[in-house]
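Visitor: Hi! Could you walk me through this one?
Guide: Happy to, here it is.

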Amino acid sequence: MLFTNSELLLKRNIEISLVVKNIYLYFWSTLGNLLYIAFLKPELLDPANFFRGWDYLTINLVMVGALCEFSTGSCLPRQ
C-alpha cells in the first residue's frame, strides 16, 4: 500500500496515455514495496517465508484480481 497516493499525481498529466501511466504506477509501487520489505522485514524475502500463510483461497483471490485488472484495462478505450 506504499506509494498509492502517487496515483493522483501521476494521472493528472493528460498528455501521457493511461497505459503508460499505469505502467509507471505499478513499477514504482512494486519497487517501493519491495524496498520496504527488504529493509523492514527482510525475513520475508526467504522463499520459505514469502508465501507463508497463503492457501488456495488467497491464491485464487490474487489471480481473480489480476485477471480483473487485465480485462478492465483491455476494455478501456485507448488514448
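Guide: A term to start with: buried means under 20% relative accessible area, exposed means over 50%, and partly exposed is in between (1.4 Å probe, protein chains only). This is a predicted model, where local features need pLDDT of at least 70 and side-chain atom pairs count only at pLDDT 80 or more, while totals for chains, interfaces and linings use all residues. Residues are numbered from 1 along each chain as its sequence is written, and side-chain values use heavy atoms, with hydrogens and water left out.

Visitor: Thanks. Phe27 then: what does it count as?
Guide: Phe27 counts as partly exposed because its relative accessibility is 47%.

Visitor: How many aromatic pairs does a search of the whole structure find?
Guide: Two. Rings of Phe, Tyr and Trp (its six-membered ring) pair if their centres lie within 6.5 Å; planes under 30 degrees apart are stacked, over 60 edge-to-face, and the rest tilted. Phe27 and Trp28 make an edge-to-face pair, at 4.9 Å centre to centre and 75 degrees between the planes. Phe51 and Trp54 have ring centres 5.0 Å apart and planes at 85 degrees, so that pair is edge-to-face too.

Visitor: And the Trp residues, buried or exposed?
Guide: Trp28 counts as exposed at 51%, whereas Trp54 is partly exposed at 36%.

Visitor: Stepping back, what does the secondary structure come to?
Guide: Four helices and zero strands, running α-α-α-α from the N terminus on. Helices (H or I, at least four residues) and strands (E, at least two) are DSSP runs, numbered from the N terminus.

Visitor: How far does helix 2 reach?
Guide: Helix 2 covers residues 18–40, 23 residues, and reaches 32 Å from its first C-alpha to its last. That is close to the 33 Å expected at 1.5 Å a residue, where the expected span is 1.5 Å times one less than the number of residues.

Visitor: Which residues of helix 2 are buried?
Guide: Lys21, Asn22, Leu25, Ser29 and Gly32. Ser29 is buried because its relative accessibility is 15%, and its side chain reaches the backbone oxygen of Leu25 at 2.8 Å. In the protein as a whole, buried residues make up 6% of the 79 residues.

Visitor: Which residues form the nonpolar patch on the surface?
Guide: Val19, Val20, Ile23, Tyr24, Phe27, Trp28, Leu31, Leu35, Tyr36, Phe39 and Leu40, with about 1100 Å² of accessible area together. Ile23 lies in helix 2 and is exposed at 52%.

Visitor: One more: where does Leu34 lie?
Guide: Leu34 is in helix 2 and partly exposed at 43%. Leu34 and Leu45 are 11 residues apart in sequence and 9.1 Å apart in space, C-alpha to C-alpha.

Note on methods. A polar contact is a pair of N or O atoms within 3.5 Å; within protein, one must be able to donate a hydrogen and the other to accept it, and residues adjacent in sequence count only if both atoms are side-chain atoms. Patches are made of residues with over 30% relative accessible area and no salt bridge: like charges are joined within 9 Å, nonpolar side chains (Val, Leu, Ile, Met, Phe, Trp, Tyr) within 5 Å. Accessible areas come from the Shrake-Rupley method with a 1.4 Å probe; for residues, only the protein chains shown count as cover. A salt bridge is a side-chain nitrogen of Lys or Arg within 4 Å of a carboxyl oxygen of Asp or Glu.
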